[in-house]
Amino acid sequence: MAQVEPDKERELIARAKAGDRAAFGALVREHGNEVYTLARRLVGDPHLAADVAQETLIRAWRALPNFRGDAALSTWLHRITVNTAWTQRKRARRHSGPPLDDFLEVAAPMGADHPETAGETLELRGRLRQALDSLPEAQRQVVVLKDVYDWSHAEIAEAMGISVSAAKVRLHRARARLVRYLEASA
Amino acid sequence: MSVICEMAAPFVANSAVEGSLVARPFRGHAEACLKCQARHAAMTRTARELAAMSKETLVGPLDLEWRVMSALEGDLAVARSWRTPIAVTAAIVSMTAAVLIWRLRPRTP
């Protein structure tokens, strides 16, 4: 998560908009992991996620003069990440087969400070990641945006270029698959 | 699991994730069925974990900043590499035009 104070971030954004690349570098340091995390969850493959994160931040630099600051920078970056993930994934599919390796990074789960439940939480979190990765691309993206990042159906529909009802149907199907996968892997 | 449990599964999942009642056609069944209630409880926990994942940040590639900034350098280099020939061409064209105009100027005998 980004740690920079809002005032400091506004100043960095203003300087970056004026062409100061050092200020943009500071924003990349603050938001890079966050962008990568979303990319990783959207595309599944860690190498492709790294490419998506890089492309997202380059696009962000180019689009920065149009950033009005109506939404938080992280929200704006998330939108660019979703669009970039969508186009990169299509490009990757055209040029190669499915990824061969798909390792899972281990991050400390929330609640890991409670030893009695930490193991259980870790185990569920691991199964959940695998369950998400097992979902078809389009369904995974909807679940990640809705159930992890709490986007509205309308925001998801707009970002993915589909109707609100299509977004709801995908979510419905994805959750049904998740239930089945988690029960089968329990 | 019975067929009706399977049909109810996505509605039970939606109810657990959104904290709402199970959709009407399956509500009666879900309230009476122990298996669906267990599934609801499991999915409620899953939903909590999904939401908690938003606070979790994975560590991206260590060279991400370097990759981005190098690409931006490349952008500038491309812009520079375009700018230079355009400027040189414009200078040559204007000089040639000036020479031609001077040479072809009407001369008085």
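Trainee: Among contacts in chain A between residues at least 6 apart in sequence, what percentage join residues at least 24 apart?

Mentor: This is a predicted model, in which local features need pLDDT of at least 70 and side-chain atom pairs count only at pLDDT 80 or more, while totals for chains, interfaces and linings use all residues. Residues are numbered from 1 along each chain as its sequence is written, and chains are lettered from A and ligands numbered from 1 in the order in which they are written. Two residues are in contact if their C-beta atoms, placed from the backbone, lie within 7 Å. Counting contacts in chain A between residues at least 6 apart in sequence, the share that joins residues at least 24 apart is 61%.

Trainee: How many helices and how many strands are in chain A?

Mentor: Helices (H or I, at least four residues) and strands (E, at least two) are DSSP runs, numbered from the N terminus. From that end, the elements of chain A run α-α-α-α-α-α-α-α. The count is therefore eight helices and zero strands.

Trainee: Which element gives the largest share of the side of domain 1 of chain A that touches domain 2 of chain A?

Mentor: An automatic or database domain assignment supplies the bounds, dividing chain A into domain 1 (1–96) and domain 2 (117–186). Nine residues of domain 1 of chain A are in contact with ten residues of domain 2 of chain A. On the domain 1 side, the elements giving two or more residues are α2 (21–43) and α4 (73–95) of chain A. The largest share, six residues, comes from α4(A).

Trainee: Which element gives the largest share of the side of chain A that touches chain B?

Mentor: The contact takes 33 residues from chain A and 31 residues from chain B. Elements giving two or more residues to the chain A side are α2, α3 (46–63), α5 (115–134), α6 (137–148) and α8 (164–185) of chain A. The largest share, ten residues, comes from α2(A).

Trainee: How is α7(A) oriented to α8(A), roughly parallel or roughly perpendicular?

Mentor: Helix α7 (residues 153–160) of chain A and α8(A) pack with their axes 8 Å apart and at an angle of about 105°, where axes are lines fitted to C-alpha atoms, for helices over the stretch in contact, and angles run from 0 to 180 degrees between N-to-C directions. Angles under 35 degrees count as roughly parallel, over 145 as roughly antiparallel, 65 to 115 as roughly perpendicular and the rest as oblique. The orientation of α7(A) to α8(A) is therefore roughly perpendicular.
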